[in-house]
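Here are some exercises to work through with the model open beside you. Try each task before you read its solution.

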Amino acid sequence: MPAQQLDDLGSRFREAMASVCTPVAVVTAMDGARPHGTTVSAFASLSMTPPSLLVSLDRGSELLGLVLKAGAFGMNVLGSSQSTLAGQFARKGVDKFDGVSWRVDAGVPRIDEVPHWLAADLMHTAEVADHIVVFGRVVEVVSETIAPLTYHARSFGTHAALPPVGSANGPKRS
């Protein structure tokens with residue numbers, strides 16, 4: 001495929017993916033005694049048996065190297081009021097945890113007051129394009145019901161549930 005067609009395809013793909021609503025999380029790992037983390041939206045549950053998840057990290061990510069070295073990582077899934085945290089961990093630098101309340105739990109950094117936190121042991125990796133997909137076996141979960149932080153159309157927001165199907169204000173069944 002000619003370069004111009006690839007550029008056009010890439011632009012159209014980028015625009016299409018911007019319209020897909022995704023949850024936002026901060027993946028964390030320890031670098032000795034120093035916590036490290038980065039904001040991601042490319043993560044998902046994988047399996048219930050055993051409980052496992054996956055996250056996609058850029059090949060050049062400092063965090064990826066730490067996860068591979070430590071063999072463990074944390075998923076701090078953010079709530080609707082935590083867009084500032086998402087922005088803080090999306091930037092480069094070693095000071096991302098400045099002013100952030102956190103602790104080590106199950107060997108990985110756990111950011112205080114996130115609605116969903118999971119600790120995972122590294123199971124497997126797969127090289128795909130310019131990213132490495134990291135597969136983790138979940139070893140600990142803390143979760144509460146709080147509206148999620150989502151990313152859609154290049155901005156943060158949250159999810160609002162629709163009324164149940166068939167209710168006075170909900171979609172009608174056909």
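**Exercise 1. Decide whether Glu 62 is buried, partly exposed or exposed, and find its salt-bridge partner.**

Step 1. Glu 62 has a relative accessibility of 42%, so it counts as partly exposed. Buried means under 20% relative accessible area, exposed over 50%, and partly exposed in between, using a 1.4 Å probe and protein chains only.

Step 2. The side chain of Glu 62 meets that of Arg 34 in a salt bridge, at 3.0 Å from N to O. The pair links distant parts of the chain, with Glu 62 in helix H2 and Arg 34 in strand S3, 28 residues apart. A salt bridge here is a side-chain nitrogen of Lys or Arg within 4 Å of a carboxyl oxygen of Asp or Glu. Helices (H or I, at least four residues) and strands (E, at least two) are DSSP runs, numbered from the N terminus.

Step 3. Arg 34 is also worth checking: at 24% relative accessibility, Arg 34 counts as partly exposed.

Before you go on, note that this is a predicted model, in which local features need pLDDT of at least 70 and side-chain atom pairs count only at pLDDT 80 or more, while totals for chains, interfaces and linings use all residues. Residues are numbered from 1 along each chain as its sequence is written, and side-chain values use heavy atoms, with hydrogens and water left out.

**Exercise 2. Describe the lining of the largest pocket.**

Step 1. Start with the count: 33 residues line the largest pocket, and Thr 39, Val 40, Ser 41, Ala 42 and His 131 lie nearest its centre. On a 1 Å grid over the protein atoms alone, a pocket is an open set of points with protein on both sides within 12 Å along at least five of seven lines, and lining residues have an atom within 4 Å of a point.

Step 2. Trace the lining to its elements: H1, strand S3 (34-40), strand S5 (51-58), helix H2 (62-70) and strand S10 (131-143) each supply at least two residues.

**Exercise 3. Compare Asn 76 with the protein as a whole: is Asn 76 buried or exposed?**

Step 1. Locate Asn 76 in strand S6, which covers residues 72-77.

Step 2. The relative accessible area of Asn 76 is 0%, so Asn 76 is buried. Of the 174 residues of the protein, 34% count as buried.

Step 3. Look across to Pro 115: the C-alpha atoms of Asn 76 and Pro 115 are 7.9 Å apart, although 39 residues separate the two along the chain.

Key: 1 Å grid on protein atoms, 1.4 Å probe; cavity = no way out; pocket = protein on both sides within 12 Å on 5 of 7 lines; lining within 4 Å.
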